[in-house]
Amino acid sequence: MRKRKRSDWTSESISHRRAAFCCNRPAYKHNPYFTPSILGRHTVVIPDKLNLFNRRGRESLYIFLRQLAEIPASCKVFIDFSNVSEVKVSAVLVLFAHLEIMLQGQESRRVFWKKPSDGLIDSGLSELGIWALLGESYTPVDGAIRICSVSSEENQSNERKSLRDAIMYAKDSIAFHQDSNLTEDVDDVVFAAISESFTNVWQHAYAEDLGRKYRTLNDMPSVKKWWIALRHINGQLFMAVYDVGVGIPFSTRKKEWYTSLKQDVLEMIGGVSADNQDIVTALEYGNSRYNVQGRGNGLPAMKKFVEINPDGVLRIMSGKGMYIYRSQTNKESSDDLEFSFPGTLVQWNVALTAGGKSDEN
């Protein structure tokens, strides 16, 4: 047998260390949301159908937001809108909010974009303010209003011009297109509900003691914001409010009264997921965080606004739940989402004319 040399011991020691390193090395995990850099730019493609209210649309938008979040902060971004063939107000609102968060968190980032080939969609996105957000000048259009964002600082300092503009747009649209059968008293209730809904909804969103980081965000907003979109289309008025706060289910479960109130709600509904149960609880009691008179009433006010319209729809998306109420049938329904929704979205839309249909699926 050959006598072992020092070099043999050294070789064996190196081999053992390599084997141990390979055994402890984490396995490679492919990131399906990472987009490669081509000529120094990361390209992300907007889904052809911007629609949150069907499974395919939600999944496509979620994938886009994850791809956007995976792009390194120092890299250029090319956003391709060319294939967009359908847009819904709420999906554009969520897209707008995430783009604004990205741009404000990374001011040095360079963003390029390609507009849709469909001229009507191009003009619709322009009226909602998408191109202005990316860097173009905004030209006001009669009968349209762009998406606005309101921060908690603006709310506290009473600087609410954009919020007042949104409320007046909704009020004027209803006043101009209202059904002649609506009485003046009902009309006043509708206007009051709009104002209450807008001014109260943000009280459900952000809390100092609750922190949450969504995977669809590369940067959490430095300022707590709420985004509002309104659109009057073919006899329908669409209104949506969005935030990237903790969400209704997450917030509700932190309250002391949660267990007892949830039991009451469970007696009324069955076969509904936990997140949808929490949304119903917030609607029934109008108080997902605050137990103070005059606060936390935004969600019930929205439901009343829809109830008063003969053909209205209220949708709330938060956590993994989506709640739907239709005034025409006076029925509530719930749908479980595939992914945890980043924040809370509330959309309520009504038919202002006899020919308008309130549902946008």
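Accessible areas here come from the Shrake-Rupley method with a 1.4 Å probe, and for residues only the protein chains shown count as cover.

**Entry 1: the whole protein**

I noted that this is a predicted model, in which local features need pLDDT of at least 70 and side-chain atom pairs count only at pLDDT 80 or more, while totals for chains, interfaces and linings use all residues. Residues are numbered from 1 along each chain as its sequence is written, and side-chain values use heavy atoms, with hydrogens and water left out.

I looked up the surface: the accessible surface of the protein is about 18300 Å², and 49% of that belongs to carbon and sulfur atoms. Of the 361 residues, 50% count as buried (under 20% relative accessible area; exposed is over 50%, partly exposed in between; 1.4 Å probe, protein chains only).

I found twelve helices and eleven strands; these are DSSP runs numbered from the N terminus, helices being H or I of at least four residues and strands E of at least two. Taking contact as heavy atoms within 4.5 Å, I read that among contacts between residues at least 6 apart in sequence, 69% join residues at least 24 apart.

**Entry 2: helix 2 and helix 3**

I turned to helix 2 (residues 55-70) and helix 3 (residues 89-105), which pack at an angle of about 5° with their axes 11 Å apart. Axes are lines fitted to C-alpha atoms, for helices over the stretch in contact, and angles run from 0 to 180 degrees between N-to-C directions. The two helices are therefore roughly parallel (under 35 degrees; over 145 is roughly antiparallel, 65 to 115 roughly perpendicular, the rest oblique).

From helix 2, Leu61, Phe64, Leu65 and Leu68 meet residues of helix 3 that include Val94, His98 and Met102.

**Entry 3: aromatic pairs**

I searched the whole structure and found four aromatic pairs. Rings of Phe, Tyr and Trp (its six-membered ring) pair if their centres lie within 6.5 Å; planes under 30 degrees apart count as stacked, over 60 as edge-to-face and the rest as tilted.

One of them is Tyr62 with Phe339, stacked at 4.1 Å centre to centre and 0° between the planes. Tyr62 is in helix 2 and Phe339 in strand 11 (residues 331-351), 277 residues apart. Tyr62 counts as buried at 13% relative accessibility, and Phe339 as partly exposed at 29%.

Another is Tyr242 with Phe341, edge-to-face at 5.9 Å centre to centre and 75° between the planes. Tyr242 is in strand 9 (residues 236-243) and Phe341 in strand 11, so this pair ties together parts 99 residues apart in sequence. I noted Tyr242 as buried at 0% and Phe341 as buried at 6%. Tyr242 and Phe341 form one aromatic cluster with Trp227.
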